[in-house]
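Here are my notes for someone opening this one for the first time. Have the chain up on screen and read along.

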Amino acid sequence: MRIGLYPGTFDPVTNGHLDIIGRAVKLVDKLVIGVAQNDAKGPLFSTDERVEMLRREVAQFGDAVEVRPFSSLLMHFAEELNANCIVRGLRAVADFEYEFQMTAMNQRLNSEIETVFLMADPRHQAIASRLVKEIAMLNGNIESFVSPAIAAEVLDKVRKR
């Protein structure tokens, strides 16, 4: 069974993430979406909230996609899952520089797990969770960057802050 791991903080999950998920699921038998418990990034949503949001957003894929939180080293999590590959989305050259470095380090940690890069659809290349949150905090419209359900959750969370 070919298992792919798509890791990230997904704070919040965007249309760009969903585009990568929709294409990655075609490449593997099972895609695990690893939601990083990275409190250092100061997430708007808790890990549990992000996991639940993702589960709702990917329900259409059924058993082909699983959403799980993780707090360990990415390669340790990938090994625990018996993943064959790590899926990463690329938007721009700046992403490539960071991903290039991470891939080289991961390759040294476990050369059996490949990293697969998928280019974001051009419609979604500018979308970043950080920018979605910033736009929402400044009362901008985020509906073209996230699903309607996620937009409502982001706006609700921002209002409560």
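1. Take the contacts in the chain (heavy atoms within 4.5 Å) between residues at least 6 apart in sequence: 76% of them join residues at least 24 apart.

2. A word on what you're looking at. This is a predicted model, where local features need pLDDT of at least 70, side-chain atom pairs count only at pLDDT 80 or more, and totals for chains, interfaces and linings use all residues. Residues are numbered from 1 along each chain as its sequence is written, and side-chain values use heavy atoms, with hydrogens and water left out.

3. Now the layout. The chain has six helices and five strands, taken as DSSP runs numbered from the N terminus (helices are H or I, at least four residues; strands are E, at least two). Reading from the N terminus, the order is β-α-β-α-β-α-β-α-β-α-α.

4. On overall size, the radius of gyration is 15 Å, which agrees with the value near 15 Å for a compact globule of 161 residues. That figure is taken over C-alpha atoms, and the globule rule is 2.2 Å times the number of residues to the power 0.38. Along its principal axes, the C-alpha trace spans about 45 × 35 × 30 Å.

5. How much of the chain is buried? Of the 161 residues, 48% are, where buried means under 20% relative accessible area, exposed over 50%, and partly exposed in between (1.4 Å probe, protein chains only). The accessible surface is about 8,900 Å², and carbon and sulfur atoms hold 52% of that; the areas come from the Shrake-Rupley method with a 1.4 Å probe, and for residues only the protein chains shown count as cover.

6. Charges next. There are 19 positive and 22 negative ones, and their mean positions lie 3 Å apart. Lys and Arg count as positive and Asp and Glu as negative, leaving out His and the chain ends; each charge is placed at NZ of Lys, CZ of Arg, CG of Asp or CD of Glu.

7. Look at the aromatics too: the structure holds three aromatic pairs. Rings of Phe, Tyr and Trp (its six-membered ring) pair if their centres lie within 6.5 Å, and planes under 30 degrees apart count as stacked, over 60 as edge-to-face and the rest as tilted. Tyr-6 and Phe-10 have ring centres 5.3 Å apart and planes at 75°, so that pair is edge-to-face. Both Tyr-6 and Phe-10 are buried. Phe-96 and Phe-100 have ring centres 5.7 Å apart and planes at 35°, so they are tilted. Those two sit four residues apart in helix α4 (residues 93–109), about one turn of the helix. Phe-96 is partly exposed at 43% relative accessible area, while Phe-100 is exposed at 54%.

8. With 2% relative accessibility, Val-87 is buried.

9. Finally, Asn-15 and Pro-43. Asn-15 belongs to helix α1 (residues 15–24) and counts as buried at 17% relative accessibility. Pro-43 is in the loop between β2 (30–36) and α2 (47–57) and is buried at 19%. The C-alpha atoms of Pro-43 and Pro-12 are 8.7 Å apart, though 31 residues separate them in sequence.
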